[in-house]
2 protein chains.
Amino acid sequence: MAGKKVLIVHAHQEPKSFNGSLKKVAVEELSKQGCTVTVSDLYSMNFEPRATRNDITGAPSNPDVFSYGIETHEAYKKKALTSDILEEQRKVQEADLVIFQFPLYWFSVPAILKGWMDRVLCRGFAFDIPGFYDSGFLKGKLALLSLTTGGTAEMYTKDGVSGDFRYFLWPLQHGTLHFCGFKVLAPQISFGLDVSSEEERKVMLASWAQRLKSIWKEEPIHCTPPCSGSLDYHATFLMTPAATQFVLGVSITIFEGYKLITFLPRSAAVADQR
Amino acid sequence: MAGKKVLIVHAHQEPKSFNGSLKKVAVEELSKQGCTVTVSDLYSMNFEPRATRNDITGAPSNPDVFSYGIETHEAYKKKALTSDILEEQRKVQEADLVIFQFPLYWFSVPAILKGWMDRVLCRGFAFDIPGFYDSGFLKGKLALLSLTTGGTAEMYTKDGVSGDFRYFLWPLQHGTLHFCGFKVLAPQISFGLDVSSEEERKVMLASWAQRLKSIWKEEPIHCTPPCSGSLDYHATFLMTPAATQFVLGVSITIFEGYKLITFLPRSAAVADQR
């Protein structure tokens, strides 16, 4: 949609990879719509994944015992974070939608992208205590995980050897993105790259481009309870039927109404990242 | 137990931190037993988390398109992996038990530890296709996650805002450790550091030391089906009642017989990491 700003955080070493193609397709399609697209190509930037005292400039607030969470929170307030973090925070702040493009490594993001999350989404910028989940500081923004797997879609079903893919999405979609206040769009999962044909890959790319044409009309998956009264949480683990059409060659059982987590609101809560 | 070898993969920046104390307690207690204890102190080693072509020495098998999974698999076979990976693989190979000591960052390990997993546990060394889950190449070894959280134990229950802690353990315990063949011991979770008193921390440390005295007698949590006939998977998400005694000041509901995932064995399966 013309005027919208998109940040793509890209985590693959090889421009000619399928991940590289997915990123390219997204840049092309979104630019065609009139969006402003920024790419953080983490490997080509040699992005630093390690969370260390180098992330703050000047003296630490406690020179005796270094706490990464405390020091980066203080540094954020004093504008004393290191420049590569500030630059990524600026990109996130400007974005209406952040797309994370990556191959699944050990049921999660590659370390270079984990480092982006650890360092960029710091307290003060992305959340505070209180100020997380639906009150996270990045509320109003959309996020979308676009990932590739070697294993087939069948392996990532309830009956598959690796379990329902929604389980491995939990720490990323709920524990990270929702925690920071993002509304999460259905994940784009390109399954089975280790066994897919050239033709199947082309179809997956075309499907991603097609989805992006109407991405701004999509409803987020439920990371907050949709109805009043009940605060039952039945969200991140649910893909909408509409979303599944984007996953090709796959027969996914949709568990409508599947409820994994129930929560009650808490007033005095404490964040995870220290 | 005298003669046993333990590797502690430690991921905290500050020796005086609570994570540092947990590591120290483990080294002391296990050494006292006559174990050989090796520590990979990732921050002090400035361990490289990024998975790049620098991880292979010599020419890549495909100079045109770089695939990290393919190239590191080939390099493993040709003994052409870079020296820091080989050194960590040697430590893992020698160990009877690997303890991972870390603060929870975004429902997962810090990026520096994720990088250790991404780079060290490569195809050929830790698994092959076939050759994963119960047939993973690190079978016969034990693994244990010892982690700290800022949030309280109540937040990580079924009714808590962050959901049952067993959900965030899934990618690590099942998707990574079990995938490589490890038998997984119950996690040691030191909850609520953001709100704990000095006294409570001392009790948590003492509890960890106490648990380690009989660690070699512990049964792994079920990552493989315990009974013949049925291949129902109901394992990683179950903590044994015995394990919960180590989690202090916490009332955790144990869902005995809780079954989240069911799987059937598959003959032609493909791994996740490429």
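Mentor: Let us begin with burial: buried means under 20% relative accessible area, exposed means over 50%, and partly exposed lies in between (1.4 Å probe, protein chains only). Both B:Glu88 and B:Lys91 are buried in this sense. The model is a predicted one, in which local features need pLDDT of at least 70, side-chain atom pairs count only at pLDDT 80 or more, and totals for chains, interfaces and linings use all residues. Residues are numbered from 1 along each chain as its sequence is written, chains are lettered from A and ligands numbered from 1 in the order in which they are written, and side-chain values use heavy atoms, with hydrogens and water left out.

Trainee: What makes the pair B:Glu88 and B:Lys91 a salt bridge?

Mentor: A salt bridge is a side-chain nitrogen of Lys or Arg within 4 Å of a carboxyl oxygen of Asp or Glu. The closest N and O atoms of B:Glu88 and B:Lys91 are 2.8 Å apart, so the pair meets the limit. The structure holds 30 salt bridges over all chains.

Trainee: How are B:Glu88 and B:Lys91 placed in helix H3 of chain B?

Mentor: Helices (H or I, at least four residues) and strands (E, at least two) are DSSP runs, numbered from the N terminus. Helix H3 of chain B covers residues 83-94, and the two residues are 3 apart in it, about one helical turn.

Trainee: Which parts of chain B does the salt bridge of B:Glu29 and B:Lys213 link?

Mentor: The side chains of B:Glu29 and B:Lys213 meet at 3.2 Å, N to O. The pair links distant parts of the chain, with B:Glu29 in helix H1 (residues 18-32) and B:Lys213 in helix H6 (residues 198-213), 184 residues apart. B:Glu29 is buried at 6% relative accessible area, whereas B:Lys213 is partly exposed at 46%. In chain A, A:Glu29, A:Lys32 and A:Lys213 are linked in a network of salt bridges.

Trainee: How do you know that B:Glu14 is buried or exposed?

Mentor: B:Glu14 has a relative accessibility of 4%, which is under the cut-off for burial, so B:Glu14 counts as buried. B:Glu14 lies in the loop between strand S1 (5-10) and H1 of chain B.

Trainee: What does B:Glu14 touch?

Mentor: Contact means heavy atoms within 4.5 Å. Not counting residues up to four places away in sequence, B:Glu14 touches A:Arg53, A:Asp64, A:Val65, A:Phe66 and B:Gly20.

Trainee: How are chains A and B related?

Mentor: Copies are superposed by least squares on the C-alpha atoms of residues with pLDDT of at least 70 in both. A rotation of 180° with 0.0 Å of shift along its axis places chain B on chain A, with an RMSD of 0.0 Å. The two copies are thus related as by a two-fold rotation axis. In chain B, the C-alpha nearest the axis is that of B:Ala111, at 2.5 Å.

Trainee: Why are the copies said to meet through the same surface?

Mentor: Because 100% of the interface residues of chain B are also interface residues in chain A, the copies meet through the same surface.
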